[in-house]
Amino acid sequence: MIEEEAALRNGSRGLPPGSWAEAAGPRPRTTERHIAVHKRLVLGFAVSILALLAVTMIAVLLSVRFEECSAAAAGPPRASGNGSLPGAARQPPGRPEQEEEKEVRGGEVAEKEEEEEEEWQRRRELPPWTRPRLPRHLRPLHYNLMLSAFMENFTFSGEVNVQLEVLNASRYIVLHAHRMHIEAVRVAEDKLAGGVRVDRSFFYPQTQVFVVVLNRSLEVQKSYNLKIIYHAFIENELLGFFRSSYVLHGERRFLGVTQFSPTHARKAFPCFDEPIYKATFKISIRHQATYLSLSNMPVETSVFEEDGWVTDHFSQTPLMSTYYLAWAVCNFTYRETVTKSGVVVRLYARPDAIRRGSGDYALNITRRLIEFYEDYFKVPYSLPKLDLLAVPKHPYAAMENWGLSVFVEQRILLDPSISSISYLLDVTMVIVHELCHQWFGDLVTPVWWEDVWLKEGFAHYFEFVGTDYLYPGWNMEKQRFLTDVLHEVMLLDGLASSHPVSQEVQQATDIDRVFDWIAYKK
């Protein structure tokens with residue numbers, strides 16, 4: 001007991017005397033067992049390495065044997081002209097395989113570049129009418145277009161005389177024409193010189209062009225006149241020169257109107273239907289006396305015939321593209337006003353709508369907006385008149401034809417005493433947008449459709465600037481612009497489906513896709 005207490009005092013575990021002997025006896029050594037296990041692991045690893053090496057050797061031998069068999073089956077290599085063997089047989093002994101592989105890869109790259117060069121040359125050598133864009137060897141300077149509209153059977157005939165400037169010599173005249181019948185084609189150098197004989201002419205529907213092949217090349221820096229006589233239908237598809245209708249006093253009445261943007265002027269007359277080809281236009285429209293005709297410019301003279309027909313000759317336009325050329329044949333009535341600078345503004349609509357005053361609101365804000373834009377841009381409105389045409393059916397809310405803007409009725413006619421504020425706002429912003437296009441798009445036009453944002457972006461922005469001028473209390477420019485445009489387009493631009501503002505456009509079928517909110521709002 002005393003020994004145990006002493007042991008406890010000394011900090012030991014206080015084992016009994018017999019236990020000390022057991023604790024001090026020999027114990028099994030775990031280190032030796034660990035060494036044995038490690039030896040077995042090392043041995044297994046070594047065996048695995050040896051097996052892997054053996055499999056690799058066998059695979060290499062089989063591969064070499066397979067190549068020898070393939071070479072034997074292909075026959076002996078042919079000697080080159082100097083008796084040496086081509087390919088690897090000519091390589092000096094001991095040459096590194098890496099260098100051979102680099103040469104092979106370099107040859108592949110060179111071969112690919114040669115193929116691309118050949119493809120580029122092949123495309124250059126393609127006939128000009130097969131390309132998605134018109135060739136650049138000709139430039140139209142002036143169109144003299146004479147139309148006869150037959151509203152009883154929805155057809156029209158036309159004669160177009162195009163003054164052409166030759167930039168590069170060519171035997172081909174390639175211009176757009178689609179869904180029409182060509183009756184005659186003539187090419188002349190000028191009024192005094194004789195004509196250039198036409199070898200043949202044909203349509204190429206894949207690119208919607210008409211090709212005139214001449215018996216000799218047109219000379220550079222000379223001017224020629226291309227005369228084409230044709231006829232076509234006044235379509236029922238709301239594009240090109242199309243028809244619409246309405247009912248008045250129980251009687252259905254018809255009208256004809258155009259929608260050329262972006263590539264539908266070619267359905268109404270043969271033309272160079274790309275925005276870069278700006279030219280002047282002189283238009284004459286022959287129609288029944290019960291109708292009236294409208295175009296981009298005011299009527300210069302009207303010639304009445306004894307059989308109840310009349311021909312309206314319109315003033316010559318400034319330089320303009322084909323997509324915002326326009327005309328209409330209808331029996332509408334109108335109201336008019338005049339701006340401070342003398343621009344005559346008229347609104348044409350169904351007689352009953354004019355009588356009710358449904359167009360008065362649009363007419364009044366148009367006058368105010370023209371005066372505002374002229375002061376804001378410091379650029380006067382370019383034409384002597386602006387007509388607003390309200391039609392029953394149209395493919396878009398509106399179209400900014402220069403001097404003859406076309407609107408669907410729901411986006412221009414209203415009664416302010418009963419229309420809601422939201423409807424009033426919609427009508428206002430559509431009118432503001434289209435009027436802005438008289439400067440951005442008509443006066444200044446993108447060269448090609450990949451930069452459609454140059455006209456649509458500015459016009460969409462000025463929807464808020466112009467509306468803010470008309471209704472300062474609505475805070476359109478400082479509040480609605482942030483919520484309706486800036487915030488919305490930031491969300492769209494953050495999606496994986498977003499794209500650059502300027503999009504590449506190769507073919508006419510790609511044009512419609514660039515008219516999206518990125519182009520309008522970003």
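**Around E456 and H437**

Colleague: Leaving aside neighbours within four places in sequence, which residues is E456 in contact with?
Modeller: Contact means heavy atoms within 4.5 Å. By that rule, and with neighbours within four places in sequence set aside, E456 is in contact with E400, H433, H437, F515, A519 and Y520.

Colleague: What pLDDT do side-chain atom pairs need to count?
Modeller: Residues are numbered from 1 along each chain as its sequence is written, and side-chain values use heavy atoms, without hydrogens and water. This is a predicted model: totals for chains, interfaces and linings use all residues, local features need pLDDT of at least 70, and side-chain atom pairs count only at pLDDT 80 or more.

Colleague: Is E456 buried or exposed?
Modeller: Using a 1.4 Å probe on protein chains only, buried means under 20% relative accessible area, exposed over 50%, and partly exposed in between. E456 has 4% relative accessibility, so it counts as buried.

Colleague: What is the relative accessibility of H437?
Modeller: H437 also falls in the buried class. Its value is 0%.

Colleague: How far apart are the polar side-chain atoms joining H437 and H433?
Modeller: A polar contact is a pair of N or O atoms within 3.5 Å; within protein, one must be able to donate a hydrogen and the other to accept it, and residues adjacent in sequence count only if both atoms are side-chain atoms. The side chains of H437 and H433 make one, at 3.1 Å.

Colleague: Which residues does UniProt place in the feature "binding site"?
Modeller: The record is an unreviewed entry. Its positions use the numbering here, feature names are shortened, and annotations may be inferred rather than shown by experiment.

Colleague: Why do they gather at one spot?
Modeller: They span 24 residues in sequence. Yet they gather at one spot, because no two of their C-alpha atoms are apart by more than 8.7 Å.
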